[in-house]
Amino acid sequence: MSDTTRVYSYSAILMGSPILLKLFVHDEALASRVFRLIKQYEDLLTVNRAQSQVMDINHAAGQRAVKVSSPVYALIKCAKAASELPQSAFNLAIGPLVKRWRIGFKGDSVPPADEITHLLTLTRHDQVILNDDDESVFLAQPGMEIDLGAIAKGYIADRVRDFLRQEGVAQGLINLGGNVQTLGMPEGGWSIGLKKPFSTAGAMIGTLDVENKSVVTSGVYERFFEQDGQLYHHILDPRTGYPVNNELNSVTIVSTNSIDGDIWTTLMYGMGVEKGCAALRARPDIEAIFVTKKKEVVLSSAHLYRFTLLDNEYRLTDSTV
Ligand code: AMP
Ligand code: MG
């Protein structure tokens with residue numbers, strides 16, 4: 001970027017995450033409106049408080065259908081579709097397990113196996129009944145709970161991008177706790193850091209240069225606890241009820257829309273490197289960067305961004321070999 005270009009950064013804590021907005025104009029009022037927009041969506045979608053539209057649905061599980069606002073309905077419909085994909089590790093009805101594990105919250109512990117077996121029966125996404133006519137949602141069994149934690153930030157990042165565009169902003173970046181959405185192409189593009197797992201805050205394995213793209217990372221290091229030498233993280237396998245246990249430390253998705261990035265990080269956790277790369281061959285609009293426990297960085301392909309490796313502890317491998 002040239003010397004005359006200045007970037008202005010605005011930050012807040014929302015949705016339990018640090019939020020960073022970057023603009024090329026100094027506009028506190030615009031930044032406040034962005035943070036207010038994020039908060040409005042958080043208030044509709046959160047399951048970490050007693051009341052929200054999603055919590056209204058959860059409270060009425062097994063009793064009645066609940067009408068929700070159009071954006072909430074659309075997002076739930078999208079989350080249900082992601083859950084119904086073949087072999088999907090994404091499950092919008094995972095709530096009872098997430099609540100029980102409490103990973104990243106006070107009091108997290110490994111639940112007894114019989115409890116997990118029971119809770120799995122309350123996570124059937126085919127029992128999330130949608131009615132397009134009145135935009136209502138009904139959870140068929142008492143105790144069922146929708147959790148949009150794996151998709152909400154991506155959805156909101158896209159809404160922020162749309163809002164900024166509507167306000168005439170040509171270049172900007174929003175980072176919602178690891179969900180990055182970028183607007184425009186400043187000189188030299190946007191350079192997004194790929195976090196080094198289990199390291200200090202600013203440590204990076206490398207950088208991704210993008211223009212008009214979303215970069216979403218989901219890592220096992222984000223929220224976890226350890227018990228008896230075993231690490232338990234926040235991405236659960238809906239088939240077993242336990243955290244996904246495979247070769248991955250993180251997955252990053254580059255795509256146009258952040259909602260796709262948010263969904264596909266979870267899908268990739270379920271598939272692992274090999275199956276994930278195979279699945280992405282049919283989706284040239286979505287690319288993944290896998291970081292494995294063996295310190296390999298595997299790129300499914302790299303047409304939408306340029307990757308630069310910065311940490312020589314890591315080895316860059318091509319998915320095609
Ligand atoms: P993310 O940060 O996008 O990787 O999403 C992680 C969050 O999604 C967790 O904190 C849970 O709230 C929720 N979650 C965990 N496992 C799943 C899953 N298999 N499907 C859908 N949501 C999940
Ligand atoms: Mg996600």
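Reader: Let's start with the ligand. How far is an oxygen atom of ligand 1 from an N or O atom in the side chain of serine 218?

Author: That pair sits 2.4 Å apart, which is a polar contact (a pair of N or O atoms within 3.5 Å; within protein, one must be able to donate a hydrogen and the other to accept it, and residues adjacent in sequence count only if both atoms are side-chain atoms). Keep in mind that this is a predicted model, where local features need pLDDT of at least 70, side-chain atom pairs count only at pLDDT 80 or more, and totals for chains, interfaces and linings use all residues. Residues are numbered from 1 along each chain as its sequence is written, chains are lettered from A and ligands numbered from 1 in the order in which they are written, and side-chain values use heavy atoms, with hydrogens and water left out.

Reader: And how much of ligand 1 does the protein bury?

Author: The protein buries 93% of the 500 Å² that ligand 1 exposes when taken alone; accessible areas come from the Shrake-Rupley method with a 1.4 Å probe, and for residues only the protein chains shown count as cover.

Reader: Which residues come nearest to ligand 1?

Author: Ala89, Asn91, Ser218, Leu236 and Asp262 do, out of 15 residues around the ligand (near means that one of the residue's heavy atoms lies within 4 Å). By class, that shell has eight nonpolar, four polar and three charged residues. Here Ala, Val, Leu, Ile, Met, Phe, Trp, Tyr, Cys and Pro count as nonpolar, Asp, Glu, Lys and Arg as charged, and the others, Gly among them, as polar.

Reader: What about aspartate 147 and alanine 150, how far are they from an oxygen atom of ligand 1?

Author: Aspartate 147 has a polar side-chain atom 3.0 Å from a ligand oxygen. For alanine 150, a backbone N or O atom lies 3.2 Å from one.

Reader: Switching to the core. Which residues touch the most other members of the largest one?

Author: Ile38, Leu45, Ile146, Leu148 and Leu164, in a core of 68 residues. A nonpolar core is a set of buried Ala, Val, Leu, Ile, Met, Phe, Trp, Tyr and Cys residues joined through side-chain atoms within 4.5 Å. Helix H7 (residues 258-280) gives the largest share, nine residues; helices (H or I, at least four residues) and strands (E, at least two) are DSSP runs, numbered from the N terminus. There's a second, separate core of 18 residues, with Val180, Ile205, Phe307 and Tyr314 among them.

Reader: Where is valine 128, and is it buried or exposed?

Author: Valine 128 is in strand S4 and counts as buried, at 1% relative accessibility (buried is under 20% relative accessible area, exposed over 50%, partly exposed in between, with a 1.4 Å probe and protein chains only). Its C-alpha is 8.3 Å from that of isoleucine 146, 18 residues apart in sequence. Beyond its neighbours within four places, valine 128 has contacts (heavy atoms within 4.5 Å) that include Leu92, Val137 and Ile146.

Reader: What does the side chain of glutamine 127 make a polar contact with?

Author: The side chain of glutamine 141, at 2.6 Å. Glutamine 127 lies in the loop between helix H5 (113-120) and strand S4 (128-131), and at 14% relative accessibility glutamine 127 counts as buried.

Reader: Last one: which loop holds aspartate 228?

Author: The one between strand S11 (224-227) and strand S12 (230-233). Aspartate 228 has a positive phi of about 50 degrees although it is not a glycine, and is exposed at 77% relative accessible area.
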